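Let's take a friendly walk through the charged side chains of this protein. Keep the viewer open and follow along as we go from pair to pair.

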Amino acid sequence: MMAKKKTMYVCQSCGYDTAKWLGKCPGCGQWNTMVEEIVREEKNQSRGLSLGLSESSRPCPISQVAVEDLPRMTTGSQELDRVLGGGIIPGSMVLIVGDPGIGKSSLTLKVCANEAAMGKKVLYVTGEESVRQVRMRADRLEAVQEGLLAVSETNLEHIGQHVEQIKPELLVVDSIQTVFRPDVQSAPGSVSQVRECAVELLRLAKINGIAVFVVGHVTKDGTLAGPRVLEHIVDTVLYFEGGDNSEYRLLRAVKNRFGSTNEIGIFEMRDTGLVDVPDASRLFLSERTEEAGSIIVPTVEGTRPLLVEVQALVAQTPYVPPRRTSDSVDIKRIQLLLAVLEKRVHLAIGACDVFVKVAGGIRIDEPAADLGICVAMASSFANRRLRPQTIVFGEVGLSGEVRAVSQAEGRLREAARLGFTSAVLPRKNYQQLKNEKAVEGIALYGAADLTEALRYAMPRE
């Protein structure tokens, strides 16, 4: 029976579809994002609800549902296993997103080679390269394995046939924007194609128990290209971070149904691909300086304490308004902390240019870094060195008070492991930890407000 053609209007931003053209999308509220697409829909002989139900579709009491630990497949990379929550879950679908050239294909090909080396069947589907190009990259990454099968294909029906014949345990599709369904009359990479292909790949993963890795493109502003519904379809979303000039790459989990979110993995880009960085704190602090304006701040990414060097440069300027620049910290946050320093500590810092960065290309967003940023800016403004071998952390309120933060003990343990001897922290955290044996070897200075913290961190010479 011939398929029936149907005209739909689909929002390019959020994927909202309707049979009537609308100037403003009801889903995301943006104007002029609705585009016309022609899709084919098969006539269903039975439109009633009397279709046969499978056994798995029968409702049952939740108390009778069997609970079993899902066996995880190790990827061969401790950093990637950490981000995934311990390894790959069979039947799950993972989306990896990042800028071009950041290492998405290299990481997935290395994972495929590791799984094939352990005797598993692996199918690598490339839609952007030829099989010969994949082999050249595999030679460079030392990822050539007999159990790793590669095919250059963009037709989703053909990919499904390969899956049925090979029955792989791991399927990688690079990338989702190049795959198309023949029954959807729109170009590959369009909203309808990306959504329908993702749903079909998810069906293949769940029915066959196959772990599926999907590589996705990003837009100019760094967000996932295509409909946002793609993030809701998959089980895990991993974002690659790191500029072209940085040798380090951060893999961040922003969604994970089988593990914690906001977990990060750190990699170093080498000629042989991405290499794990297990001791990131020591690496980031290997070239630290003790000049004025430099302070060590222990941050927490997911469950992982990470020591980073925050640098600030405050300089007088004849220009109005003065500049505030940072690629590592939200600029609005810096403006707020500058206002607190000027109002509560009486530093005439408002007419100065302020530049803040985090060494190593790390971006920090947690409030526990507030106190470290304030101390670094005040140190640069006064041109006074900070207390040596000291870490600083705490949240700063608008009244200049220093508020307690979570996981203070883990931050101090990481600092003690790296040889730091003193710490400036919130007064409440100090009262909780001053008698703890876990932080022996570090002198603790509890600060109730920003003035006390600056007095501890910047002793008079």
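Predicted model: local features only at pLDDT ≥ 70, side-chain atom pairs only at ≥ 80, totals over all residues.

How exposed are the two partners? Arg-252 has 11% relative accessibility, so it counts as buried, because the cut-off for buried is under 20%. Glu-241, at 27% relative accessibility, counts as partly exposed.

Next, look at Arg-270 and Glu-268, whose side chains meet in a salt bridge at 3.3 Å, N to O. Here Arg-270 is partly exposed, its relative accessible area being 45%. Glu-268 counts as buried, with a relative accessibility of 16%.

Now move on to Arg-282, which forms a salt bridge with Asp-279; their closest N and O atoms are 3.0 Å apart. Arg-282 counts as partly exposed at 45% relative accessibility, and Asp-279 is partly exposed too, with a relative accessible area of 23%.

Salt bridges can also share partners, and in this way Arg-181, Asp-183, Arg-195 and Glu-196 are joined into one network. How many salt bridges does the count come to? With a side-chain nitrogen of Lys or Arg within 4 Å of a carboxyl oxygen of Asp or Glu as the rule, the count comes to 23 salt bridges.

How values were computed
Residues numbered from 1 in each chain as written. Heavy atoms only, no water. Buried < 20%, exposed > 50% of the residue type's maximum accessible area, 1.4 Å probe, protein only.
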